[in-house]
Amino acid sequence: MRAFLASLVLGAAALAQGTLTLYTSEVLADVNALVEAFQAQRPGVRVQVFRSGTGEVVAKIRAELEAGNPQADLLWFANEEFLKELAQKGLLRRIPPTVPGYPVQYAQGGGLYYEVRLLYNVLAVNTQRVKTPPTSWRDLLKPEYRGLLAMPDPNFSGAALATVGTLAARFGFGFLESLERQGMRIEQSNPVLQQKLARGEYGIAITTDFGVRQEVAKGAPLAVVYPRDGAILVPTPVALPSWSRNPELAGQFLRFLLSPEAQRLFAERGYYPVMPQSPKPKGAPEKVVGVRATFADSKTLERFNALFGLRR
Amino acid sequence: MTLPRPLFSWTLPALAFLPTLPLLALLPRGLPHLLPPRDLDVVLLTGTLALGGSLLALGLGLVLAYLALRGGVGPLWEIPLLLNYLVPPFVTGMGVLFSLQTLGLEAYGAPGILLAWTLHYTPLAYLLLKPQVEGALPLLQAARVHGVQGLRRLRAFLPPLLPPLLVAGGTLYLALLGNFGVPAVLGLPERVYTLPTLAYARLTNPLAQDPLGEAAALGLWLGLLALPALLLSRPALLEAQAALPDRPHPVSRLLFALYALASLGLSLLGLLREALFNPYTGALDPAFAQAFAQPLFRQGLLHSLLLALLATGLLLGLALLLKPFPRTLKALRGALDLNYLMPGTLLGIGLILLLAPTPLYGTPWLLLLAYLLNFAALALRSLEAGARVEGAVLAGRVHGLPFWRSWLRLGYPLLLPSLFAGGFLLFPLAFAEVTLSALLYAPGAETVGVAALSALNGGLYREAAALGLVLAGVAALGLLGRPRW
């Protein structure tokens, strides 16, 4: 009880001293590690995290905006469209790029938001079920892979929405129809799909690279295949909203994410760091051919939902 | 002698209106989406599942209550049965999932949901019905004395039980309709939706035109489904009365124990396997340390414990205070029913819309308020449906005891079993609440439900299973402290 009351009192007091509220869709264990490292560097600073799927994070921000009391000091999720919408309304704060060596191509918002590490959608393979893995997207249509394939639900996962949009834009919607004829199944989310893939329910999955590497580290019989014709680079930038009560601290946290220590943490957890001099994740290729994702528009998503019988 | 007038009779309409404000705020958002009607299949499935689950739990609960009374089952053997209910619903769901997978059976979909609901809510039916069955047992004895044997004795036994059965059935049906955890674990991955999970999916759909409105419309459907149960809230008719002592039947006790152990095994064995063994290598590799390396899990347990204790205590206190005024109790409960029936997500969004501009927002007190609004109906209902004690109180008053003393000395002690049942119903619900906390928790004051949902969403099945087992352990500790009657 005392701890609870103390946390209430402290919560109010810390607001004045240095509390940062982060709204994110980042995997919980990963964001925890980063927050702990940041707090260790900055004693007295407290980082509070609201973590959920991108859709829910955005829904919460929308509701708070409508009520006129938004809480987040820093935003980090896989919905660039929403960030653009905020930018148009003048609700994002420009952050000066004070980290030397930051590759400009990852600051697509023109200084309004920054990538802090890279997330690719790839082909993940269960090595016990698939002996000769596919090497390109079109390989998925080979008869030998029939009935082995799955991807996450684009209605839930921002990354899967990027998969649908990118594949439809590059190969036409017919490619997705061919995948449906190949017997592709839809699972709810990337982590759930990766669990099922690791346990042999599927042979191949279109999913995030870092999550597969994390399962491999636990002993799962999985392999990551970066397609020759380009893995899908999913934008998951960090942005500073204009309503932030502690923009200074928020900016410091962003710069911390780009620091060598945080970049090393990303690599340890299976992500490609964004800064050029950082280590690569274990078992990952030195260089990856990446294609920047196109998120599916509502028309494409509706067609996809109709094709796979997804309810929305 | 005059009875005091109902409390605040003139303020009743205002009292009844206040708690429904968050939902009223959503009404104008939902109505435009009702026509043309969509999702009728989900409406039908939700109603059928909730009805089927209630009937199964009610039937099993009745049989178990009878077996327990006939077999003289003590509190020790009740523990494995009651544990099924003290474990959060989503943990039962996960347990069924992992157990059925071990057996090579498909757990996802409507049958799995029904199974998990039955396992989870049968102990609740048992608790609600046992005092009533005890009240009706003398009828069985009377029938035997008059030479009525076999199934025909049920004709003497069941009719007086029907009203309490209906009330208990109403409680169960509402609990199932509003349940989010089980269909979230066993339905969502295969896109088998019930109304609460579909509302959640709509709300979090990144491309929906008006997610709040579409979710609100589903909530209105849910309200429609709940209407029949609202009309079933008559108070029980049987008076609390001890049966004559009867020889305990060992077979009854054995059957009770068999069900209790089998149901607990089905919930827990899968969790044990998932939490203890590496799924890839099969080696012993307990996931507890990994789970509790997450600060969120530790904080979540503490915050949920405190929130649930506060909410349960406050609500049962309110129910006791109102019990002497049945009309006020019923009116307020009727108004609060809505908050319980609607998916928590709607109450959550409604509260955000109403209270976000106030300093309450972003503090744990908002979540406490949400819990109070959400669970108040259950607290009031548990005492409303309890044994009638007005006769005893009236007797006290006839003998000159003042109103409150008469309640304190005679009424409330008789209500203790109902009070315990109420606390038993409320505490686990508040402790493992997921839907409201996911939307309303103050960052830094996460609940255990939020922690578990994060783990499940993030594919941390083994950590979630470990957390589920810890929650089951906490529940078992809670049962040890259970008072005996």
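This is a predicted model: local features need pLDDT of at least 70, side-chain atom pairs count only at pLDDT 80 or more; totals for chains, interfaces and linings use all residues.
A residue counts as buried when its relative accessible area is under 20%, and as exposed when that area is over 50%, with partly exposed in between.

Side chains of opposite charge can pair when their charged atoms come close. Over all chains, the structure holds 18 salt bridges.

In chain B, B:Asp39 and B:Arg202 form one of them, with 3.0 Å between the closest N and O atoms. The pair links distant parts of the chain: B:Asp39 sits in the loop between helix 2 (21-30) and helix 3 (40-71), while B:Arg202 belongs to helix 9 (residues 195-203), 163 residues apart. Both B:Asp39 and B:Arg202 are buried.

Chain A has a salt bridge between A:Arg269 and A:Asp30, where the closest N and O atoms are 2.7 Å apart. Here too distant parts of the chain are linked, as A:Asp30 is in helix 2 (residues 28-41) and A:Arg269 in the loop between helix 10 (260-268) and strand 13 (272-273), 239 residues apart. A:Asp30 has a relative accessible area of 2% and is therefore buried. A:Arg269 is at 28% relative accessibility, so this residue counts as partly exposed.

A further salt bridge in chain A joins A:Glu85 to A:Arg62 at 3.0 Å, N to O. A:Glu85 lies in helix 4 (residues 80-88) and A:Arg62 in helix 3 (residues 54-67), so the pair ties together parts 23 residues apart in sequence. A:Glu85 is partly exposed, with a relative accessible area of 25%, and A:Arg62 is partly exposed at 35%.

Terms used. Residues are numbered from 1 along each chain as its sequence is written. Chains are lettered from A and ligands numbered from 1 in the order in which they are written. Side-chain values use heavy atoms; hydrogens and water are left out. A salt bridge is a side-chain nitrogen of Lys or Arg within 4 Å of a carboxyl oxygen of Asp or Glu. Helices (H or I, at least four residues) and strands (E, at least two) are DSSP runs, numbered from the N terminus. Buried means under 20% relative accessible area, exposed over 50%, partly exposed in between (1.4 Å probe, protein chains only).
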